[in-house]
Each structure stands twice: as structure tokens, then as C-alpha cells.
Amino acid sequence: MHAEALNTYQVIVKNKMFSNAGRLKVNMGNIYLKQRNYSKAIKFYRMALDQIPSVHKEMRIKIMQNIGITFIKTGQYSDAINSFEHIMSTAPNLKSGFNLILSYFAIGDREKMKKAFQKLIAVPLEIDEDDKYIAPNDDPHTNLVIEAIKNDHLRQMERERKAMAEKYIMTAAKLIAPVIETSFAVGYDWCVEVVKASQYVELANDLEINKAITYLRQKDFNQAVETLKMFEKKDSRVKSAAATNLSFLYYLENEFAQASSYADLAVNSDRYNPSALTNKGNTVFANGDYEKAAEFYKEALRNDSSCTEALYNIGLTYKKLNRLLEALDCFLKLHAILRNSAQVLYQIASVYELMDDPNQAIEWLMQLISVVPTDSRALSKLGELYDSEGDKSQAFQYYYESYRYFPSNIEVIEWLGAYYIDTQFCEKAIQYFERAALIQPTQVKWQLMVASCFRRSGNYQKALDTYKDIHRKFPENVECLRFLVRLCTDIGLKEVQEYATKLKRLEKIKEMREQRIKSGRDGSGGSRTSSRREGSASSDSGQNCNASSKGERLSAKLRALPGTNEPYESSSNRELDASYVDPLGPQTERPKTTAKKRVEEDDFADEELGEDLLPD
């Protein structure tokens, strides 16, 4: 109720007898700041600054900090710099130091950025050293006292302050390193040297690992690997983080032996590192040892129950082992954590499909397309499931949507063409088979289907021209010659004799080939081998290939239509998982101050500007 609050404050501050009007004006400034009325916020902050006595130094510093933040929000960086510089010269603190760096970054002043970073590093933390909490063995009374205070509220506050300081320094370094020197590598080196000479020596290694991560972002993998390899002889925490990242890199490059070696190093350096255990599980998974991979993922989850990558991967492992109920349980748990994860939704639908529960699979895929409505693979999978349930109209709707978003999926194009032929709309099928012929110009079946559609729709001249064009491109195709002979005979063209002679020659060659195969089979006694050769010989000569996929339903009907002998081969039904390939989720690890925490993105863009408004 901002308007009411402002009215009440106005009444109070007009009373000359009220001595704390300055404090209330701070609150009024805070309200205007929340309302994004920045000019009035600055006005009331300045009025408050004038009315609060100089003896209240901390209050005045906080007001100046709010003024600086408001100037940043309005883009008046020079005024913000004046406020923060004054604070850093009188009572330096971490938030003001960080905001000063942001302001200099905004105006692009390299030298001032460096000086501001040095000021931030020099801010005193005012916390006790860790040595204070190490108990001496010979004094039981002191041991009891230290046991009592080593995790009390003061100690927790000290830890929070130190963690906040390290976060500000790391974020500032990542922000300014690419711009303070000629290259980001030189900028990082400068930041590392400054940090090494300060009270935050342990952050230097983390900055080096961030440097490697930046190389990765720039696709400079060799430099990233070289940078990370420098940590092999460092202390265990840093070594584990570097080895985890190296394992991740080698895994992505399919060098599983190297990935496994570095995953072992990471695990040995820090057995409680969930990222290292996940990467180790990935390398074992890639080698096909799913049971062992599951053990590593379980250990990662025991060390960090929030490691979603390990939970996802263990679901994939159970799926590979055909332990579908356990896989479903993992993915449903993950769905409770990551509500709108497309990968998780897809995996749940996939498991239900494997469990022969198409209705549940369809329901989860509907949730998936509500998250990613333009995903062609999810849409085509929905079409496939509806087709398997016999609902052709719904199947057509989703296959058509899939085609709209990705008009190069051969299976979808084939299904749509077959659907139109099945429903006697051959003219509409032509555009799909023409597109298939564009995508696979060396596959004669698509061009034969185009010609067949022209013939079925009564456009015999166009069909004849198409068959002639096919014959020029594929002179050895028997089916094409058969239709040319039939059409030329029906229309009464003179070329019929020429095509009939070619057809007889090709059929004779085919017969001789089959006889050779038969004699070879009788001589070797290998009936299975010869049957395979027959299959390949027939496909070479353009005969029908039998498809084993479920996707044959429409094409089987199509072949059964009267008057069609052209080959219509249903492509093998590959798993529709291009958008959601079962990713094993190898983990990169970003350095953080605690040794056992899984590293996450720590982008300065998400950092608040250090707003420290006073409570009402």
C-alpha cells in the first residue's frame, strides 16, 4: 500500500516537533525506488542525507549507497561513481566496491576498473581466522568452548560474509578480465596476480579454472585442456575440480579412456564430489557396464541429493537395463524437482511407451509440447502413437504440425504421402514425395511415387514424362521400365518397343544373376547366406525392400491398393529422440569456495546491484 504509506509519512514529516524526519524520508525514498520513480527517490535520499547528523556515519553511508544504486538504475554512471568513490574512501564495503566496478565497466574505463578491483580486494572482512576454531588437545576446557562456538550464529555469519566476499571478487574478476587488457587471458592473469597478493589467495586457483571455462566458451578446447592440466599437482579440491572438467571435455570428444582416467583422478582427489562421480559413471555407461554406472550415480546422489544429472542418468541406466518401473520412479522424482524440463517429460513418455501404455505416453507428450510447442520430434512421436492407436485424424494433425516445423524428416514426409494416397487424395501426396526426392535424390522410390501419384490422379502425360525422367537417371530400374511399357501401350506410343526391349534385357540379366546366386548357394550349402545375397540383389535391381518397422502400416495398405506394383519402402523406424538424445549429462565444474559443492553458473548478469535499502 505504497500510496497510503507515503501519505502517512508526509503527515509525520511535516510535524516540526518530530526529530527523526530524516529516517522516514529514507523510507519514502525506498518506496519511490520500488515504484521506479527514480528522480523522486534520489530527491528524498538527499533530503534524508541533509537531515541526518554526521555522527550517524553508518546510516549516511547506507543512504549514499542507495543514491549510487538509483543512479545506476537511471544510467547516470558518473554520478553513481561519485557516490561509491566517496563510500570507498570513508568506509569501504564489499557491495559498494562491487558496484563501483560495475559503474566503471559501464563507462569502459580500464584503468579505473583495475583500481576499483584492488579497492574491493582490500576491503577488510573483520572475521576471525580459521585457526581460532582448531581445538588444542591438551586443554579439555578450551576444547569444550571451541566445540560450542565453532558453529554458533557468529561463526555462521562469518562464513556467510566470507562467501559473499569471494562471490563478489570472482564475479568482478570474470566481468573485467576480458576488457582490462588486450586479451581475456592477459586480463585473467592480472586478476590472478592481484588476488594472490591479497587475503584471498585460495581464490587464485578458482580464477584459473574460470579462465579455462572461458576458453571453453570460446571453443578453444586445446587451451582449456592445457590450463586445466596445470592443476594436476595442486591441492585435492582444485585438482578434483580441474580433473572433473578434463573428464567432461574428453568425454565430449568420445575419448573415453582419457575421460575415465581423469574421472578417476577427480574421484580420488575428492570422493565426495558428485560431479566427478557422475562423470565416472558416464564413462562406465559408455562402455556398456550399466550396473556399475548405476552404482556411481547412486554414490553421487548420496553425496549430493540435489545432483539432478546423476538422478537423470540413473533413470537412463535403468531404462537400458529394462528396469522400467525404477526408471519411471527416477524420472518422476526428477519431474518434481524440474517441473518444465523437456528432457524429463520426454523420458517419462518414452518409458510409458516401452511399458505398452500409449495413453499415458500421449498424456506426457502433450505436456512436453506445451513446454516446447515447436519441437518436431515430439510432435511426430505423438503422431506415431495416435497412428498405433488407430486414430488417423489425430495422427495426421501431429504429423502435419511436425512437418510444418521441420519439413526434412523423411519418416514424417513418407507417412503424410502415404496418408493422402490411402485417403485417395493422390494430388496432395505429390508435394510430399517431391520433397522427399529433393532430400534423397539418389533414392528412386520417391520419384517412382511421384509418377505413381500422377498416374492415379489421371494425369497420364505428366506420369509418362516423370517415368521418362526417372529412366534417364536410373536406366537399370526395372519397375520404371514396366510402367513405361504399360503407359506407352495404353497411350499407343511408338517408344513401347524400345522400352520393352530394354525391359527384357534387364529381366534376363536379373534371371542370370539369380541363377548364379542359386548355384552358389547349392555349392556352399549356406542357405542363410544366399538368402541375404538374394535380398541385396533384389534391392540392387530396384525391387521392394521389406521394412520391419511399425511405420509400415500405411505403406502396407498403399501397396495393397489395386493397380500398384511400384516399390513403396517404409523407412526403418528410428527412435524419435533427436531433440532429446539420451544425454548422459557430463558435468562441468565451476570453482566455488566450498570444496564439495557442485558448481553452477555464476554469471555477473544475475547479480543484484548490491541494493541495501533500510528496513521500514
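Reader: Why is cysteine 488 called buried?

Author: Its relative accessible area is 0%. Buried means under 20%, exposed means over 50%, and partly exposed is in between (1.4 Å probe, protein chains only). Cysteine 488 therefore counts as buried, and cysteine 480, also with 0%, is buried too. This is a predicted model, in which local features need pLDDT of at least 70 and side-chain atom pairs count only at pLDDT 80 or more, while totals for chains, interfaces and linings use all residues. Residues are numbered from 1 along each chain as its sequence is written, and side-chain values use heavy atoms, with hydrogens and water left out.

Reader: How much of the protein chain counts as buried, and how many helices and strands does it have?

Author: Of its 616 residues, 48% count as buried. The chain has 30 helices and zero strands. Both kinds of element are DSSP runs numbered from the N terminus: a helix is H or I over at least four residues, a strand is E over at least two.

Reader: What makes a set of residues a nonpolar core, and which residues have the most contacts inside the largest one?

Author: The set must consist of buried Ala, Val, Leu, Ile, Met, Phe, Trp, Tyr and Cys residues joined through side-chain atoms within 4.5 Å. The largest such core has 175 residues, and those with the most contacts inside it are Ile63, Phe117, Cys191, Val195 and Tyr467. Helix 9 (residues 153-180) gives the largest share of this core, ten residues. In soluble globular proteins, nonpolar side chains tend to be buried together.

Reader: Which residues does isoleucine 63 contact?

Author: Contact means heavy atoms within 4.5 Å. With neighbours within four places in sequence left aside, isoleucine 63 is in contact with Val26, Tyr45, Ala48, Leu49 and Ile52. Isoleucine 63 is one of the buried residues of helix 4. The buried residues of this helix pack against helix 2 (21-34), helix 3 (38-51), helix 5 (77-90) and helix 6 (94-107).

Reader: How do you know what span to expect for helix 4?

Author: The expected span is 1.5 Å times one less than the number of residues. Helix 4 (residues 57-74) has 18 residues and reaches 26 Å from its first C-alpha to its last, close to the expected 26 Å. Just after this helix, glycine 75 takes a positive phi of about 80 degrees.

Reader: Why is the pair of phenylalanine 117 and tryptophan 190 called tilted?

Author: Rings of Phe, Tyr and Trp (its six-membered ring) pair if their centres lie within 6.5 Å; planes under 30 degrees apart count as stacked, over 60 as edge-to-face, and the rest as tilted. Phenylalanine 117 and tryptophan 190 are 6.0 Å apart, centre to centre, with 50 degrees between the planes, so they form a tilted pair. Phenylalanine 117 lies in helix 7 (residues 110-121) and tryptophan 190 in helix 10 (residues 184-196), so the pair ties together parts 73 residues apart in sequence. Both residues are buried.

Reader: What kind of pair do phenylalanine 184 and tyrosine 215 form, and why?

Author: Their ring centres are 4.8 Å apart and their planes are at 70 degrees, so the pair is edge-to-face. Phenylalanine 184 has a relative accessible area of 10% and is therefore buried; tyrosine 215, at 8%, also counts as buried.

Reader: What makes a charge sit over a ring, and where does arginine 404 lie?

Author: NZ of Lys or CZ of Arg must be within 6 Å of the ring centre and within 35 degrees of the ring normal. Arginine 404 lies over the face of tyrosine 405, at 5.1 Å from the ring centre. Lysine 428 lies over the face of phenylalanine 425, at 5.4 Å from the ring centre.

Reader: What is the phi of aspartate 356, and is the residue buried or exposed?

Author: The phi of aspartate 356 is near 60 degrees, a positive value in a residue other than glycine. Most residues other than glycine have a negative phi. Aspartate 356 lies in the loop between helix 19 (342-354) and helix 20 (358-371). Its relative accessible area is 69%, so aspartate 356 is exposed.
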